[in-house]
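Here are some notes to read alongside the structure, taken one point at a time. Please keep the display open while you go through them.

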Amino acid sequence: MEHQQAAAHHEEHPPTTIRQYILIGVILAIITVVELALTEAFDLETRTLVILLVALSSVKFAIVVALFMHLRFDNPLFWRLFAFGLVLAGSILVALLALFWGDHQESRTVAAYATPGAVAAHAAAGDDDHGDEGTPAAGGEATPGEGGAPAGDPAAAVVQDMPVGEFFQANCAACHGADRQGVVGPALTPERLTEPDEFYHDTIANGRTGTAMPPWSPQLSDEDINALVQFIKHVEP
Amino acid sequence: MSAASHEVQHHTTTGVDNRKMLMWVFLASECLFFGTLISTYLIFKGQSLVGPLPEEVFDIVLTSASTFILLMSSLSMVLAVYAVQHGRPTMMKAMLLLTIVMGLIFLGGQVYEFRHFNHIGLGLGQNQFSASFYVLTGFHGLHVGVGVFYLISLLIGSTRRNGLGKDRALWVDTAGLYWHFVDIVWIVIFTLVYLIP
């Protein structure tokens, strides 16, 4: 590829050559491979990983905007326009995360999923769910300090002096449906509820911010909540 | 700008071509569009009441491959812009075609991914993760699709008798801005949605 007489030209196009464009493309590809390697091959701490990934993708972003979209060589007006949009979008991101981020950090990720034990329990509970409905205890065994799963038939459990099914109809059915197929709230049937017991225990106890699901821990004991979890996870509607 | 330009360049108070200005204003507004969708995804993904959850369904290798292809389509796009600016119509057409093909491969990957997710029980309304995920990546895919039609229209235009010469390079240049923007949005989505645990 012979060199164009770019220098002689009036500034009509950016000074980048084909060779340089290809080099930029290769650099972008390398950064992507590094990102992938960081995620898949290295066992980094989440915080470190997030910082590295955000930094690397920002570099990619900047390279494309400056050199492929030619902002580096173009009229500064374009740059200011685009920066305005970016800053506004970034502010929205920060504002929304500041308002709502805490919700699931506390209730779900940490409580139910972040510990390897919970994931293992998930696998065990998953195996257990298929086939028999009579042995919920296996799914609940990884719940130390929560009273354990009630023995025996989950349909026969008692919550606040009421059979669990009756309690459900009185307190949960308005949102989740009398047949538990979901109305405002999601369906609560054994085939839909594939997460570990801790997850549902946590949802019932603490509610779910941003939804109509209220926290029940003020009224219900751990045993009561466990009974409800076993009921919705193991008793067909 | 250039005195040699055959196309009428209106004098504008900003000193830049209005078409290019329009594209940059549009892209600035698109930042807000995707910014809110990404925020929504980040907030909602952890609030799902039922599975499947992101870590159970993502195929990072497949997504990395389509990410790579979209990145390379940006390279072929910028080479198409280079070609038209340097008066090399054959190279421009080849690069436009290559960009279109890579855009279509990316879309094919997304269609496959969506169908696969749907197959394993992650419908649009399954949980908050799936709702926000499909809306975000679906809108991005829609942008890629629009970009493909945009480039096809340029390619058709370039085959006409007084098609896309050096004097009309701006049409390819603005299309390139759109295409690169769609690419940088994916750079962000790939990192925030797929890579970060």
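**Notes on the predicted model**

1. The contact between the two chains draws 55 residues from chain A and 46 residues from chain B, and it should be read with the caution that this is a predicted model. On the side of chain A that touches chain B, α1 (18-40), α2 (46-68) and α3 (76-113) of chain A each supply at least two residues, and α3(A) gives the most, with 20 residues. Sorted by class, that side of chain A has 30 nonpolar, 16 polar and nine charged residues.

2. Within chain B, helix α1 (residues 18-44) and helix α5 (residues 128-159) have axes that come within 9 Å and cross at roughly 160°. Because angles over 145 degrees count as roughly antiparallel, α1(B) is roughly antiparallel to α5(B), and the crossing of these two helices is left-handed.

3. Which residues bring α1(B) and α5(B) together? From α1(B) come B:L37, B:I38, B:T40, B:Y41 and B:F44, which meet B:Q128, B:F129, B:S132, B:F133, B:V135, B:L136 and B:F139 in α5(B). The residues of this contact divide into nine nonpolar, three polar and no charged.

4. Is α9(A) largely enclosed or largely open? Of its 13 residues, 11 are buried, so α9(A) is largely enclosed by the rest of the structure; among the buried residues are A:D224, A:I225, A:L228, A:F231 and A:K233.

Key: Residues are numbered from 1 along each chain as its sequence is written. Chains are lettered from A and ligands numbered from 1 in the order in which they are written. This is a predicted model: local features need pLDDT of at least 70, side-chain atom pairs count only at pLDDT 80 or more; totals for chains, interfaces and linings use all residues. Axes are lines fitted to C-alpha atoms, for helices over the stretch in contact, and angles run from 0 to 180 degrees between N-to-C directions. Helices (H or I, at least four residues) and strands (E, at least two) are DSSP runs, numbered from the N terminus. Angles under 35 degrees count as roughly parallel, over 145 as roughly antiparallel, 65 to 115 as roughly perpendicular and the rest as oblique. A crossing is left-handed if the near helix is turned anticlockwise from the far one by less than a right angle, and right-handed if clockwise. Two residues are in contact if their C-beta atoms, placed from the backbone, lie within 7 Å. Ala, Val, Leu, Ile, Met, Phe, Trp, Tyr, Cys and Pro count as nonpolar, Asp, Glu, Lys and Arg as charged, and the others, Gly among them, as polar. A residue is buried if 20 or more other C-beta atoms lie within 10 Å of its own, exposed if 12 or fewer, and partly exposed in between; C-beta atoms are placed from the backbone.
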